[in-house]
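This report covers a protein chain and the packing of some of its helices.

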Amino acid sequence: MKKEMSKVYEPHEVENRIYDWWQEKGYFKPEVHAEGKPYTIVMPPPNITGQLHMGHAFDDTLQDVLIRYKRMQGYAALWVPGMDHASIATEVKVLDKIKKEEGKNKEEIGREAFLERAWDWAVFYRNRIREQVKKLGASCDWDRERFTMDEGCSHAVKETFVRLYEAGLIYKGSRIINWCPDCKTALSDAEVEYEEEHGHLWHIRYPLTDGSGSVVVATTRPETMLGDTGVAVNPNDERYTDIVGKTVTLPLVNKEIPIVADDYVDMTFGTGVVKMTPAHDPNDYEVGLRHNLEEINVMNEDGTMNELAGEKYAGMDRYACRKAVLADLENLGLLVKTEEHIHNVGHCYRCKTTVETMTSEQWFVKMKPLAEPAIAAVRQGETNFVPERFDKIYFNWMENIRDWCISRQLWWGHQIPAYTCNACGETIVSAQTPEVCPKCGHAHLTQDPNVLDTWFSSALWPFSTLGWPESTEDLAKFYPNDVLVTGYDIIFFWVARMIFMGIDTMGKPPFSDVYIHGLIRDAQGRKMSKSLGNGIDPLEVIDAYSADALRFAIITGNAAGGDIRWTQDKIESARNFLNKIWNAARFVLMYLDEDVETDLSKVNLETTDRWILSRMNTVIGEVSVNMDKYELGIAASKIYEFTWNEFCDWYIELVKVRLNGDDGDSKAAACATLVTVLTNILKMLHPVIPFITEEIYHYLPGAGEAMIIADWPKANDALYDEAAENKIGYLSEVIRALRKIRKEADVPNKKKAAVYIVSDNKARHELLSKESEILSRMGSVSEVLSINEADVKDDYTAAVVADSTVYIALDDLVDKAKEIARLTAEKKKIEGDLKRTGGKLANEKFLAGAPAAVVEKERKKHAENEQKLAQVLERLKHFGA
């Protein structure tokens with residue numbers, strides 16, 4: 001018995017049911033094509049700090065489109081899901097929760113109790129995020145889900161740390177690092193975000209100790225001068241040749257510090273004299289190493305000044321200390337001048353606090369030996385960035401990389417597998433907890449309390465998720481991964497680190513391609529943020545529209561590496577497209593019997609059938625090429641245009657007469673064509689809008705087991721028919737031209753009119769005469785008449801179509817007096833609108849003060865009205881008014 005589709009598509013009922021069915025049947029597993037070539041994507045793990053945002057929806061939709069496409073091509077397609085413990089971000093969230101609910105801070109609750117609550121948080125948010133990802137339709141293998149702190153990933157982290165330590169690539173030392181006074185932890189260079197800020201440049205006089213004069217230095221951080229241990233000039237600066245080797249007396253501290261010569265100093269900046277604070281500036285640190293300058297850290301971990309800053313300043317907040325130092329310098333007559341200064345200031349990427357640079361004992365990864373093969377892998381094409389331009393960011397980061405600070409003063413994360421013997425001080429690095437010191441045999445060992453940078457475990461993600469360090473079947477089959485899909489904002493955070501860790505650990509890069517996408521911005525092009533209040537919750541969009549609508553709105557218009565703008569029109573357009581597909585499928589199914597012939601070779605195809613099949617064949621070929629080149633937005637747009645404009649608006653309309661006619665052979669050919677084209681449309685759309693396509697597929701006669709594992713359509717040269725495309729292409733252009741003429745003249749469709757054709761091409765006359773029924777129904781044509789150019793009358797309105805001209809006698813259809821009155825009223829209205837928009841656009845205050853989008857909208861409106869007015873004036877001229 002033939003199943004009937006409901007009149008209205010109900011996405012929420014369909015999407016939940018279909019997703020559960022896919023999971024029950026095991027369709028997300030690579031084993032559905034066990035003998036297929038492996039194809040792997042590992043999901044960039046979302047942080048367990050809340051819920052998904054539009055960035056996650058963008059990222060996951062792109063990945064799902066690729067994995068579904070490859071699955072339909074017969075690959076053993078594996079998409080590994082997972083989540084990240086997000087060390088700093090999660091610890092902050094958990095501590096906020098503890099403070100709010102229990103009124104305790106980190107120290108009061110203790111490490112063990114804190115970790116219990118952190119694990120509870122992790123379980124809750126992992127469950128929540130998993131369900132949210134499922135709502136998007138993500139076809140990842142949930143039985144292979146990983147977490148960066150699960151037992152297997154933790155084992156991989158320890159093994160990697162020990163291996164790199166034993167290879168001399170991990171070391172512990174006192175170096176200059178980035179420090180967040182709020183999070184109270186070290187940060188890697190990648191975790192510092194720089195923003196331009198308006199500040200000041202203070203010029204301070206440092207007296208020469210021998211009384212022969214003074215030098216003036218400039219600084220943006222005067223509070224750090226309390227830790228100065230030298231002053232530097234350029235050795236080529238003739239102004240200061242005679243003072244190199246002398247000393248100055250450090251103001252406020254009254255300490256003698258040396259003047260050194262170093263090429264680092266820019267002779268053109270300020271006075272050409274630079275204060276050296278090796279414990280609080282990375283450049284000063286390097287100069288200090290070269291000149292054996294002392295390192296004096298004058299700050300505490302919370303951003304207050306310590307006892308080394310001096311009794312007066314100890315305990316002050318760094319900014320309060322700055323004010324006090326400046327006031328004291330001014331009282332001493334040593335503050336020469338203050339200048340306005342714009343400079344880049346580093347902020348913690350999580351809490352946005354201004355970062356301090358200071359020397360601290362931390363664990364580091366030696367980067368140069370790891371960076372060199374990772375740079376070569378991209379240069380030699382083993383890993384390719386899509387678009388290619390993003391490799392410049394990668395190279396710039398990798399070629400200028402400093403040793404990676406990997407220790408964090410946190411409790412949530414992978415605790416560093418290093419132990420200190422309480423008896424002899426020996427350091428033991430081991431993946432297993434040692435029982436005794438190998439040097440002295442003492443049993444009292446203390447583990448390093450710090451944890452590893454979140455990105456350390458994330459760097460292992462492409463292979464730790466597949467079972468490394470164990471030799472698993474998944475690791476052998478699915479490493480290297482095929483593509484990494486990620487945003488351009490974490491190329492150096494994550495992508496670079498995965499590449500060098502993959503090469504060092506596995507001997508080959510972790511993926512062949514890196515598909516870089518941009519950001520989803522609001523309609524005005526602004527980044528979505530809480531502060532602007534312009535964020536969009538993808539789950540709310542799904543509730544209001546559907547997951548398919550969200551996915552389609554995300555994919556269409558998207559280009560690799562580019563940002564996309566989110567507008568209400570986009571999501572509504574996507575919903576309308578889903579309804580269009582549903583209604584088209586319902587219409588087609590009305591005419592399909594269960595035993596309908598679907599073999600095209602067994603029916604007598606007509607010109608319209610051969611046309612749509614030829615166009616379908618072309619679209620299949622082009623879309624497949626676009627998908628292979630990661631041009632997903634272009635692919636989706638082509639399917640959309642073909643489905644809406646050619647299949648729904650033209651072919652279905654063209655065959656309605658045949659479907660309702662008495663010619664059985666003609667109807668059979670139309671039905672076979674309809675089911676063939678609709679099936680292939682659904683297959684091409686499935687990776688983008690999987691739910692509705694799966695639902696409709698099961699109503700079609702001859703459907704297979706499931707759309708999700710159906711074969712991706714292939715282009716068939718035998719279906720290409722240039723003659724049919726030319727004929728129907730010409731016919732549709734004639735109909736469009738007639739519709740345009742009638743619309744401009746405001747002639748209702750029910751008023752049919754004769755059409756006159758002038759052409760030297762006999763085939764044009766024959767085609768229009770043969771298809772008079774289609775012209776009548778779709779172009780409101782009463783008859784088609786062939787005439788010569790000499791027979792054209794003055795009141796005919798013309799349209800040139802290919803190598804012919806078609807005419808329609810509008811005067812026979814229009815009441816001249818009424819039409820003149822209507823056009824005159826329209827002219828008056830348009831002129832009023834033009835006066836208003838013209839006034840706005842001539843107003844300098846409006847142009848300067850209104851948002852760019854508003855100004856552009858007014859310009860567009862003005863241009864459209866100018867075009868409308870020209871058309872109205874032309875029509876009035878035609879009527880002699």
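Among the contacts in the protein chain with a separation of 6 or more, 77% join residues 24 or more positions apart; contact means heavy atoms within 4.5 Å. The model is predicted, so local features need pLDDT of at least 70, side-chain atom pairs count only at pLDDT 80 or more, and totals for chains, interfaces and linings use all residues. Residues are numbered from 1 along each chain as its sequence is written, and side-chain values use heavy atoms, with hydrogens and water left out.

The protein chain has 881 residues, 54% of which count as buried (under 20% relative accessible area, with exposed over 50% and partly exposed in between, for a 1.4 Å probe and protein chains only). The C-alpha trace spans about 110 × 65 × 55 Å along its principal axes. The protein chain contains 27 helices and 29 strands, taken as DSSP runs (H or I, at least four residues, for helices; E, at least two, for strands) and numbered from the N terminus.

Helix 17 (residues 568-590) is paired with helix 20 (residues 664-685) and with helix 19. Axes are lines fitted to C-alpha atoms over the stretch in contact, and angles run from 0 to 180 degrees between N-to-C directions.

| Helix pair | Axes come within | Crossing angle |
|---|---|---|
| Helix 17 and helix 20 | 11 Å | roughly 150° |
| Helix 17 and helix 19 | 11 Å | roughly 25° |

Helix 17 is therefore roughly parallel to helix 19 (under 35 degrees; over 145 counts as roughly antiparallel). Helix 17 and helix 20 are roughly antiparallel. The crossing of helix 17 with helix 20 is left-handed, meaning that the near helix is turned anticlockwise from the far one by less than a right angle.

On the helix 17 side, F577, I581, A585 and V588 contact L674, L678, L682 and L685 of helix 20. This contact has eight nonpolar, no polar and no charged residues (Ala, Val, Leu, Ile, Met, Phe, Trp, Tyr, Cys and Pro count as nonpolar, Asp, Glu, Lys and Arg as charged, and the others, Gly among them, as polar).

Helix 17 also passes helix 19 in a left-handed crossing. Residues of helix 17 including S573, N576 and K580 meet residues of helix 19 including Y640, T643 and D649. By class, this contact has eleven nonpolar, three polar and three charged residues.

E646 lies in helix 19 (residues 632-659). Because its relative accessibility is 16%, E646 counts as buried. Leaving out residues up to four places away in sequence, E646 touches W611, I612, R615, E641 and Y651.

Definitions and conventions:
Parallel < 35°, antiparallel > 145°, perpendicular 65-115°, else oblique.
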